[in-house]
Each structure stands twice: as C-alpha cells, then as structure tokens.
Amino acid sequence: MRKRIDIIYPAIIIFALVFAVFSAGCTGNTDFETPLPEKIEDTTLSKTDIFVFDDAQLKFVYANGVKIGYKQAGKGDSLVMVMGYAATMDAWSPYLLNSLAENYSVVIFDNRGTGYTEPGGISPENMTYEIYADDTAALMDALGIKKAYLMGWSMGTAVSQEIILKYPEKVEKAVLYAPYSGVSSSDEKHLREYLRQVAYGEVNKTTVIENMFPKTWLSCHNPDEYLPVSSETLSENGILAAYNAGLNWNGSYERLNHIDIPVILIVGTEDVLTPPEFSKAMAGEIDGAWTAEFKGAGHGLMYQNPQGLSKTVKLFLDIDEDISCC
C-alpha cells in the first residue's frame, strides 16, 4: 500500500498555476524551464478588477455526510457549477462567474476532499464520480434548490453526467465544458496519463501549461494575466481520491442515450485532454444535444475567452427550444 504523506498543496500549484511569471511575446520563446518561484504568491497575478465572488461569504453545509464549503452569488434561476480535477472552486474564471452571476444565482463549491470540503469517511481508493454526484445533489437539497441549471468542467462533466442520469428531476439543462465519457479506452490514454501524473506529483510547469493552453496561444499570451488568484489548498489524499474516482468509473457512453434533458457540449478545438472528438461522439448519443467548438482554444478555454464562453452558456440556458404545439 502506498504510504500516506500528509502534504497540503496550494491549489494554485496543482491546477494550472504551477509556473513562474514569465513574459511571452509573439516570438514563441516561452521560457518553460524557468525554476518555480520559492514563494507561492509569486505565481499569482494582482487583481484590480472587482469580482462578484470576492465578497461572497464562504459558507458550509452538511450534506451526504460531509461538510461542504460553498459560495453563492447573483440573482435568477440557480446555476450549480461542478469543478474539475484537482482544483478548488476559486479556480473558476472570475470573469466567467461575473458574467453568469448577472443572470443566475450561481453556486460554486469544493468537491469532497478538496479545498474547504471535508473528505468524509471515504478512502481515496474507494472514491467514485457517483459519490461526487450524490454530494452535489445533497448540496442542492440542503440549499433548497429543487431544480437547477448544471455546469461542469472536465472531471466536473463526468460528475454532472452521473447527476443527470441519477437525478434527472434536479436538472433543467446541463452545460458540459471539456467533457469526456470515460478514461479507460485507448482514445483517452493521454487524459488518463495526465490524471496519473497529477495524482502522483509528477507534473511540472511544462506539463501543466502544454495541457491547458495551445502552444500557438502561449506564444502571444502570458498565462499569468488570465489565471485567477487561488487561496485554497489541496491535499495529496484528495487528489488521489479524484484520480481513483476516474479509474473506478465504468464510463457513461453506453448510458448517454438515456439523457432526455437539453445538453450542450463545449470544447476548444486545440484541447489535448478532452479533444473535440470526445464531444462529437457524446453528442451523437444524446438526443438533441448542442455542440460548440472554440477555434484555437484549449482545456483552459474559460481563461482564454470567458466572455465568449459565458455568451454561449447564456444563449443555451435562456433559449426555449420547444416550439411544438401544445
């Protein structure tokens, strides 16, 4: 059995902010080999904008036997957002959240064993996406949300699929951003390997950057100017639990045809972790599914183009697709 090591990782290191501040002009000379800074705060950018969740109170609720940390802001119909792999709720693009909170009551939270949410009594080896889904449904119940819009990112889309399939009565519409329906096939080898590298602490600056953003985009942009400041932490066991949840998942592809709520699948054309082929295959199994591809975007689409992503999400959520006669 792998020895347990009590290490707390700042979420900023594990998720996309593991690199030092560097200058990348349109020359393609991105210095991937610059050593990581000694101080965590040196990896973050200074925020001068006002973001709606900056003033949102951190709250806790007991749901499904675990203490869940969450925040809520905005007005309108409920939009519950499910975070991705090895990331905390403050990893959402603040620009994306600002825009969505203009139209919806947005709920963000930390998955079990991540950030402010306790791991509960589930061991890392026994964690599943279904448990994350049960946690989310229980959180909705605790907050008095009978039915909501749902938006997941990456691993959050896998959890969202389990929510849709097990609790369809709780979901009005679903946004699956950077989705996948399994991690065990040969097509998903790169995604599976990346999840493993993160789980066992093998990621470095180069690995994270190249998997989050296309090289062409990096040649003209400094990622530090687009990534949010993170103050939460991740534990080794929490990350390992999320990794095992993927390995323990039988996938959803064979069950996607049971989904009968409106779904949109959104992906960047240059996403190397969850490429467009994943979305196209999944859309073919979901009756009436929408698809949207952002040209030149990677897995970090919400940082590259938060306004475009928000507009797409709002269009999908607000439009009434049913024009049949009553």
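Predicted model: local features only at pLDDT ≥ 70, side-chain atom pairs only at ≥ 80, totals over all residues.
A crossing of two helices is termed left-handed if the near helix is turned anticlockwise from the far one by less than a right angle, and right-handed if clockwise. Residues are numbered from 1 along each chain as its sequence is written, and side-chain values use heavy atoms, with hydrogens and water left out.

Helices (H or I, at least four residues) and strands (E, at least two) are DSSP runs, numbered from the N terminus. Helix H5 (residues 189-199) passes helix H8 in a left-handed crossing. The axes of H5 and H8 (residues 236-247) lie 9 Å apart at an angle of about 160°, with axes fitted to C-alpha atoms over the stretch in contact and angles running from 0 to 180 degrees between N-to-C directions. The two helices H5 and H8 are therefore roughly antiparallel, a term applied to angles over 145 degrees. Contact (heavy atoms within 4.5 Å) involves Arg192, Leu195, Arg196, Val198 and Ala199 of H5 together with Ile239, Leu240 and Tyr243 of H8.

Strands S2 (residues 59-63) and S3 (residues 66-73) run antiparallel and are joined by five bridges; pairing requires at least two bridges found by DSSP. Lys59 has Tyr70 of S3 as its bridge partner. Two residues separate the strands of this hairpin, in which Asn64 takes a positive phi near 55°.

Terms used: Parallel < 35°, antiparallel > 145°, perpendicular 65-115°, else oblique.
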